Amino acid sequence: MSTSAASHLSPAFPARAPWGTAGKLRAWQQGALDTYLERQPRDFLAVATPGAGKTTFALRIASELLDRHIVQQLTIVAPTEHLKKQWAEAAARIGIRIDPNYSSGSGPANREYHGVAVTYAGVGVHPMLHRRRVENRKTLVILDEIHHAGDSKSWGDAVFEAFEPATRRLALTGTPFRSDTNPIPFVSYIEGSDGVRRSAADYTYGYGHALADHVVRPVIFMSYSGEMRWRTKSGDEVAASLGEPMTKDAINQAWRTALDPHGSWMPQVLRAADKRLTEVRKAVPDAGALVIATDHESARAYARMIREITGHGATVVLSDDTGASKKIEDFSADDSRWMVAVRMVSEGVDVPRLAVGVFATTISTPLFFAQAVGRFVRARRRGEVASVFLPSVPTLLQHANEMEVERDHVLDRQKKAEEGLYDTEDALLAEANQEKDTPGEQEQFSFEALESEARFDRVLFDGNEFGLQAHTGSEEEEEYLGIPGLLEPDQVQMLLQNRQARQLARSRKKPDVEADLSEKPAAQRPVVTHRQLSGLRKELNTLVAAWHHRSGQPHGVIHNELRRVCGGPPTAQASAGQLQDRISKIQQWATSSR
């Protein structure tokens, strides 16, 4: 093992370098390395977007420190068993020997290895074992996805106890930090002018920078809404459109109804995703697709759907499967189409050929979303485009639109008194979005999914939204699914704009009997973008909330009265004209009551 060996690592190690990167290290990797070698810090936190090449950077630092005899051994801490093996295999390619099978029952570490790879859970079981190792020999500890040290207070305490005596600690993460307030060991927090402490990285390389450098793929998000029906715990049946303004519980119920294997939403979305995969494989022949499922039962059901749709089986990876790592390795090396997995493939796992994803889980934290999307952004050559299918759930759409936002771990929560002037309009809008659209919807989370239908909703790309709602299998949907899989970001933007313009023109020309997804004839419908439609819904909800405060009437009663007077479906299904009619009506109420 030598630094010369490490210097020949591909920037995308273990995959080959994409177009436009340096011959040895990518610019960010070299910059981070220079910063590290200049400072020679005991603790260093590198935040780099998934797919940027954190493994290459960390192993280069490890080889430098070993060759200079600053450290004598390594301890690599990873979130999962599979990632331990992935680290060991990556290190072996440059002559660093890592034992991924080391455990508390193994006794002393074998001196033939340069170090060991363990999990955060393993450290939590026996922290003193690892403390003795770092006390006995000068050690570099690499903490991969360091946010996992905050999964619980006991894990954080164990990591601190085990590695506090270490000579050097290199912490890595690829995603926004946690949304909780558990402090993460060996991470520095700086108090801002607002009195809130936030994590401070020593080097940051975000998705926006990586995209500009052609280090990662641009991501097209294909959003699907649809009609859902479920039975509540009290026995009432509820019908709603996924994505419409609802209470938090109702959104969760509609979301879970969409993902239910017995409904039609998942088969329709999987069929659309498979069509997209076929298009991508015209330019990228070995492109693969991944469904990220909530649980084992759903994963197996989705795999059966894929077989029915494609005629071919899917690789199913379950967290309690002893052969999970081998399945992932085999899928990464072959050219089969589909893999279905539960959580364990959402973080750190390197399958560069994954280009199409289906987000079929109800886990919605920024951390998990970014890690999941990170499975699809690893670029191998210039022009590859990733496509991720997701439910039209406000939280997910917000995450998709904020892919380039860099976040720190916030250790404190601001108090109400510190939040500045009270913004009445924002407060009313927030309240309106939280309230019921119709009476009687405040139900418990327990429910029974009854049926679901998918509907193409919109495309999100580079913070912009394109397309109008369309039925699955329609010509409009097909045009978006048929976007080539090998394009520059500006070409993607141009094609999406062209597709939207054609869809708008077709919608205006449709005869009344073919008017799609609206009660009004096509000729009478104001044709607007989804963003404009969303703005009208927000304006209506704001006015309803204001009228609620003036009249004392419940939000649901006000919405029902507007529907009675103006006609039309619930807010989520209403056309732009219908929404505008209700806005005008409630403004008329306000004027006449003065």
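This is a predicted model: local features need pLDDT of at least 70, side-chain atom pairs count only at pLDDT 80 or more; totals for chains, interfaces and linings use all residues.

Trainee: Which residues of helix 2 are buried, and what do they pack against?

Mentor: A residue counts as buried when its relative accessible area is under 20%. In helix 2 the buried residues are W28, Q29, G31, A32, L33, T35 and Y36. They pack against strand 1 (43-48), helix 3, strand 6 (168-173) and strand 9.

Trainee: How many residues of helix 3 are buried, and what span does the helix reach?

Mentor: Helix 3 comprises residues 54-67, which is 14 residues, and its span of 20 Å is close to the 20 Å expected. Helix 3 is mostly covered, with twelve of its 14 residues buried. Among them are F57, L59, I61 and L65, together with the charged residues K54, R60 and E64. Just after helix 3, H69 has a positive phi of about 60°.

Trainee: Where does a charged end sit over a ring?

Mentor: One case is R133, whose charged end sits over the ring of Y102 at 5.8 Å from its centre. Another is R169, whose charged end lies over the ring of F186, 4.0 Å from the centre.

Trainee: How is a sheet to be read, and in what order do the seven strands of the open sheet lie?

Mentor: Strands of a sheet pair through backbone hydrogen bonds, in either a parallel or an antiparallel sense. Here seven strands form an open sheet in the order 3-4-2-5-6-1-9, and the pairing is parallel. Strand 3 (98-99) and strand 9 (203-205) are at the edges with a single partner strand each, so one side of each has no neighbour in the sheet. Within this order, strand 2 (residues 73-78) and strand 4 (residues 115-119) pair in the parallel sense over five bridges. V77 has V118 in strand 4 as its bridge partner.

Trainee: Are the two faces of strand 16 covered or uncovered?

Mentor: In a regular strand the side chains alternate between the two faces of the sheet. Strand 16 (residues 386-391) has six of its six residues buried. On one side these are A386, V388 and L390, and on the other S387, F389 and P391, which leaves both faces covered.

Trainee: Which strands are joined to strand 16?

Mentor: Strand 10 (residues 219-232) runs parallel to strand 16 and is joined to it by six bridges. Strand 15 also runs parallel to strand 16, with three bridges between them. V388 of strand 16 stands opposite F221, and V388 is also the bridge partner of G357.

Trainee: What does V356 touch?

Mentor: V356 is found in strand 15 (residues 354-360). V356 counts as buried because its relative accessibility is 0%. Leaving aside residues up to four places away in sequence, V356 touches residues including A273, L277, V280, L290, F376 and F389. A273 is 83 residues from V356 in sequence, yet their C-alpha atoms are 7.2 Å apart.

Trainee: How does the chain read as a whole?

Mentor: The chain has 20 helices and 19 strands. Of its 594 residues, 54% count as buried. Among contacts with a separation of 6 or more, 75% come from residues 24 or more positions apart. The chain exposes about 25000 Å², of which carbon and sulfur atoms supply 48%.

Terms used
Residues are numbered from 1 along each chain as its sequence is written. Side-chain values use heavy atoms; hydrogens and water are left out. Helices (H or I, at least four residues) and strands (E, at least two) are DSSP runs, numbered from the N terminus. The expected span of a helix is 1.5 Å times one less than its number of residues. Buried means under 20% relative accessible area, exposed over 50%, partly exposed in between (1.4 Å probe, protein chains only). Contact means heavy atoms within 4.5 Å. Accessible areas come from the Shrake-Rupley method with a 1.4 Å probe; for residues, only the protein chains shown count as cover. A charge sits over a ring if NZ of Lys or CZ of Arg is within 6 Å of the ring centre and within 35 degrees of the ring normal. Two strands pair if DSSP finds at least two bridges between them.
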